[in-house]
Amino acid sequence: MLESPKELSFEASKMALDSAGLTLKDIQSVVSGSAPDAFDGVHMKGEYYLDGMGAIGKPHERVYVGGGTGVFTPIGGWWNVASGMYDTVLCVAEEKMSPLHPHPQYAFWSIFDQILERPLGTTLLWIFSLEMRRYMHKYGIKEEEIAEVAVKNKGNAIDHPSAQLGAKITVNDVMNSEPICSPVKRLDVSPPSDGAAAVVLVSEKVAKKLTDEPVWLDGVGWTLDSTHWTNRDLAYPEYVEKAAKMAYKMAGIKNPRKEIDIAEPYDPFDYKELHHLEGLQLAGKGEAPKMTVDGVTQRDGDLPVCPSGGLLGVGNPIAAAGMMKICELFWQLRGEAGKRQVKKDARTGVAQAWGDLMQVGTVAVMRS
Amino acid sequence: MPFQIGIVGVGYAGFDSMTPGLSTRELMFEAATRAYEDAGIDPRKDVQSFVCCTEDFWEGISITDEYMPDQLGAVLRPLCTISSDGIIGLATACMHIMSGIADVAVVESHSKISDVVNPDEIASFAYDPVYTHHHFDADPRFLAGMEMARYLKETGTKREYCAQVAVKNKKNALSNPRGVHGANIDKGIVMNSQVAASPLTELESSKGIDASIVFVLASAQKARKLGDHTVWIKGIGWSSDTPVVEDRDLARAEYVEQAAGRAYKMANIRSPASYLDLAEVDDTYSYKELQSLEALKLATKGKAGKMVDAGAFDIDGRLPVNASGGSLGVGHLLEATGLHRTLEAVMQLRGQAGRLQVPSAKRALVQSWRGIPTATGAVAVLGN
Amino acid sequence: MSQKITSYPGHEITSDELKEGKYLDIQYKFVPRYSWAAGVAISRFLDELKEGRIVARKCSQCERILVPPRMYCEQCYRPTDAWVQVRDTGTVNTFSISHVGTDARRLKTPILVAVVDIDGASPGMGILHNLGEVEPASIRIGMKVQAVWKQPSERQGAITDIRYFRPIEA
C-alpha cells in the first residue's frame with residue numbers, strides 16, 4: 001500500500017468512528033496492536049504511529065502477543081471498559097510488512113532463540129511445516145483434506161473488497177503449487193500484506209444510547225504456552241483450548257459446537273484453521289478436516305468458518321488480519337455482510353488468533 | 001467506592017552495570033521468585049494474569065513475549081506484553097483485577113542493556129523514519145538538549161539548577177544498595193563534564209543498567225488475606241503527546257500533566273504538594289526532574305529549579321524527590337524504569353528504605369517517561 | 001466491506017512501480033547489534049557441545065529431564081537440581097524439507113529440518129536441528145537418528161557443533 005503506518009491507522013480509525021457515529025473527542029482511550037517493529041525498521045513503533053490512531057492526549061497502550069495481537073487488541077479494549085476505567089475505547093490494529101527488504105519473512109528469523117535456533121538458518125515456515133507434519137501424522141490427515149481450507153477461503157475472499165488473493169481454485173491447484181517448506185506448498189500459505197482495521201468498544205450504557213443493534217463482546221480469553229516449543233506436542237494447540245475455555249466461561253457457553261453459529265479462526269496456513277477449530281472445541285481432535293470436506297464450514301454450512309475469506313484469501317497484515325476477523329463477525333452478526341452473509345441466522349460468533357512460537361491463543365466471543 | 005489495588009509483593013534482581021552470568025530469563029526467574037516469596041503466593045496456582053513490559057529492539061528478539069512465560073510461572077496462563085513503561089503495565093494489571101478476570105496479577109519489566117551493543121543507534125531508530133531519522137546522524141539525545149534549552153528559556157530557570165538535580169540524586173544513591181551511579185560531586189563537576197547534547201552534559205544524563213523487577217498486585221479483598229505489608233495503588237494515569245516532535249511544546253511535559261490529572265482525580269487529590277510525603281519522578285535527564293515536578297503540580301511553573309537548589313527536594317526537605325537516587329543515581333532501566341521508581345516508593349512506604357528512609361512516609365507519587373523521542377508517561381499515587 | 005460501507009480507502013501499489021521510482025521512498029539499513037549473555041544453563045550446554053556431549057537439567061520434583069537445559073522447571077516453578085548427560089541419539093518427532101532460506105529466497109539444495117527427541121531425556125524433549133546423509137523421500141517420523149559432530153578442533157561451543165543428525169539402524 002502507498003499509505004504509511006500512520007495513514008493506514010487513520011483510515012481504519014476513521015471508518016470505525018464513522019460506523020459508530022462518534023468523533024475522536026468522544027473517545028477516552030486508545031488500544032493499539034501491531035506485530036514486530038522489525039517490519040517497519042522503527043523502534044518503539046507504538047509511539048511512532050499513535051497520532052494516526054487519534055491517541056494524542058489520550059491514554060494509549062500497545063498490546064502485543066505476536067500473531068495473536070489482532071484479536072488481542074479488542075481484548076485490550078475490553079479490559080479498558082470492563083474495568084470501569086473508560087467508557088469509549090478505539091481499538092486499532094495496523095501492520096505494514098512491505099518496508100522490510102528483501103522480504104518481510106526475514107523479520108521472523110529474529111523470533112527464534114538467538115543461541116540455539118537462529119544459527120541453523122531458521123524461517124517461520126519451518127515451524128509451521130513441522131507442526132503441520134505432526135498434525136497430519138498423529139491423526140492420519142491427508143494434504144488434500146487440508147487443501148480444502150485454502151480452496152474455501154480463497155473462494156470466500158472473492159466477495160471481500162479488500163481481498164488480496166480471492167480466487168476460484170481447486171484442491172489440485174493447491175497440491176500442484178510449488179513446495180516451499182514441505183509439506184507446506186505455495187497455496188497453503190497466506191501472503192505478506194499491509195493493512196489496518198479498527199473497532200470502537202463502549203460500555204453498556206453508552207452502547208444503548210448509540211444503537212439499537214450493538215454487537216456485544218461477551219467473552220475474552222488468552223493464554224501463552226512455554227517458550228520451549230520443541231518440547232511440546234505440536235499436534236494439538238492446548239493454548240487455544242485454554243484461551244477458548246476462559247472466553248466461553250465468561251460468555252456462559254457450555255457447549256461451543258451447539259452454541260456458536262459462526263467462527264473466524266486464524267488461518268495463516270490452511271491446516272491452522274483446522275488445528276484452531278479443534279482447539280476452539282468446535283471439532284474433535286483430528287476431526288476438523290472431515291468437517292471441512294463435508295462442507296460444514298462453508299458459508300451455507302452448519303458452522304460457517306472464515307466467511308470473510310480469512311488470511312488465506314483476504315491477506316495477512318498480521319495484527320490487522322486478526323482485527324479483520326472481529327470486523328467480519330460484527331458485520332455477520334448484524335446481517336450486514338452483503339454477499340458474504342452466511343445463510344444461517346448467526347447470533348453468536350467466535351474469533352481467534354494465534355502467534356509466537358506456536359504458543360499464543362487469543363479468543364473473543366461476540367453476540368448480537 | 002475509592003479505587004484501590006494492593007501491591008502485595010515485590011522482587012528484583014540485578015541492579016548492576018552488567019549481569020554477564022545470567023541470561024535475561026534467569027535474571028527474571030530470580031526477581032520473580034523473590035516477589036512470589038514476598039507475596040506468599042504460588043504463581044502456578046494463584047495468579048490469573050501476567051503482564052510484561054518490553055520492547056523488541058531492546059531485547060534483540062521479535063515478539064519478546066515468546067520468551068517470558070516459563071521463568072514467571074506463567075506457562076499456559078494469560079500472559080501478554082504491553083510495549084510500554086512498567087507503570088502502564090501496572091495500570092493494565094489494575095484493569096485486569098478491576099474487570100474481575102484476576103484476583104492476583106503479576107507485572108514484570110527488565111533491562112538487559114548490557115546485551116545491547118549499539119543502544120544509541122537503536123534509540124535513534126525510534127525517530128520518525130522519514131522526517132527525522134533520515135536527516136539527523138546525531139546522538140539521539142539531541143532532542144533532550146533541545147527540550148532542556150526550551151525549558152530553561154521559557155521558565156527562566158538557571159542552568160546550574162539542573163546540575164543540582166544530578167548532585168542531589170547521585171548523592172542519595174550512595175546510600176541505596178541498588179545505586180550503581182552514586183557519587184559525591186558538586187555542580188561545577190556536573191556542568192563541566194562532557195557535553196552530551198548541549199546544554200545537557202554526560203553527568204546529567206542517566207546511564208543504563210541491568211535489572212528485572214516483578215510486582216504482585218491483588219484486589220483489595222485478596223490483598224487483605226495476603227500479609228500485612230500491602231501498599232495501595234490509589235490512582236493511576238498515563239498519556240501520550242504527539243509523536244511529531246516538531247509539533248510539541250518542548251518546554252512542557254504535557255503528557256505528565258494529563259497523566260497526573262487522571263491519577264489525581266482517581267485518588268481524589270486536590271493539592272498534591274501538600275498531600276504527598278515523597279515522590280520518585282522522571283530524572284532520565286537532569287532537567288526532566290524539574291519539568292516533571294512542575295507538570296505534576298509539585299512545584300509552581302518555573303520554580304522547581306530554585307526549590308531543588310534550596311534543598312526543598314532533599315531527603316530531609318519539604319518533599320523528598322528521588323530519595324532513592326533516581327535514574328541519575330541508581331541507573332536507567334529502559335521500560336522497567338517506572339517499576340524501579342515504584343519499587344523505591346514501596347520500600348519507603350513499608351519503612352524498608354534503610355538509610356534513605358523518609359520518616360513516617362505514608363503517601364507517595366511515582367512518575368515515568370518512556371524516553372527519547374517519546375512524549376509518553378505515566379503516574380501512580382501510592383499509599384499505606 | 002459491508003452493506004453500509006461500500007468502498008474502502010487506500011492505494012495499492014506494486015513493487016515494479018516502486019522500482020520505477022513512481023513513488024518516493026527512502027532506504028536505510030538498521031542493524032541492531034547484541035552480545036547476549038547465554039546464562040548459566042545455556043553456557044554449560046554450549047561448553048558440553050564443544051566436548052561432543054549433550055547435557056540436560058533434571059527437576060527432582062516432577063522428575064523430568066529437560067533439554068535444552070534450564071535452571072528452573074517451568075511446570076513446578078522451582079530451580080532445577082542436577083546436570084544429566086543425555087545421549088546424542090534420538091527420534092525424529094517431525095520434519096520438514098525447506099526450499100527457502102531466512103529471507104524467503106529459493107534454495108538450490110533444500111535444508112532438511114527436524115525436531116529430534118533426545119534419548120535419555122524425558123519423552124517429547126526435542127531440539128530443533130538439521131538432518132543429513134538421508135534422501136528427503138526416505139525421512140520418516142519415528143526414525144532413529146544420531147548427531148554427526150564437527151571435528152573437535154572445529155567446534156566453537158555452538159549448536160552448529162553438531163553438523164546434523166543422520167539416520168542410524170534400529
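This is a predicted model: local features need pLDDT of at least 70, side-chain atom pairs count only at pLDDT 80 or more; totals for chains, interfaces and linings use all residues.
How many of the ten residues of β8(B) are buried? Residues are numbered from 1 along each chain as its sequence is written, with chains lettered from A and ligands numbered from 1 in the order in which they are written.

View 1. β8(B) is mostly covered; "buried" here takes 20 or more other C-beta atoms within 10 Å of a residue's own, "exposed" takes 12 or fewer, "partly exposed" is in between, and C-beta atoms are placed from the backbone. Helices (H or I, at least four residues) and strands (E, at least two) are DSSP runs, numbered from the N terminus. Strands pair if DSSP finds at least two bridges between them. β1 (residues 5–16) of chain B runs antiparallel to β8(B), with three bridges, and B:Ile5 has B:Ile233 as its bridge partner. β11 (residues 376–383) of chain B is also antiparallel to β8(B), joined by eight bridges; look for B:Trp232 bridged to B:Gly383.

**View 2. Where chain B meets chain A.** Here 46 residues of chain B touch 47 residues of chain A, a contact being two C-beta atoms, placed from the backbone, within 7 Å. On the chain B side, α3 (56–59), α4 (69–72), β3 (79–82), α5 (86–98) and β8 (231–240) each bring at least two residues. α5(B) gives the most, with five. That side splits into 22 nonpolar, 15 polar and nine charged residues; Ala, Val, Leu, Ile, Met, Phe, Trp, Tyr, Cys and Pro count as nonpolar, Asp, Glu, Lys and Arg as charged, and the others, Gly among them, as polar.

**View 3. A strand pair across the two chains.** β2 (residues 60–64) of chain A and β3(B) pair antiparallel over two bridges. One to pick out is A:Tyr64, whose bridge partner in β3(B) is B:Thr81.

**View 4. A:Ile27 in its loop.** You'll find A:Ile27 between α1 (5–20) and β1 (29–33) of chain A. A:Ile27 counts as buried because 23 other C-beta atoms lie within 10 Å. Beyond its neighbours within four places in sequence, A:Ile27 contacts A:Leu22, A:Gly54, A:Lys58, A:Thr88 and A:Leu90.

**View 5. Chain A, zoomed out.** Chain A has 13 helices and ten strands, and 69% of its 368 residues count as buried. Its C-alpha atoms fill a box of roughly 55 × 45 × 35 Å along the principal axes.
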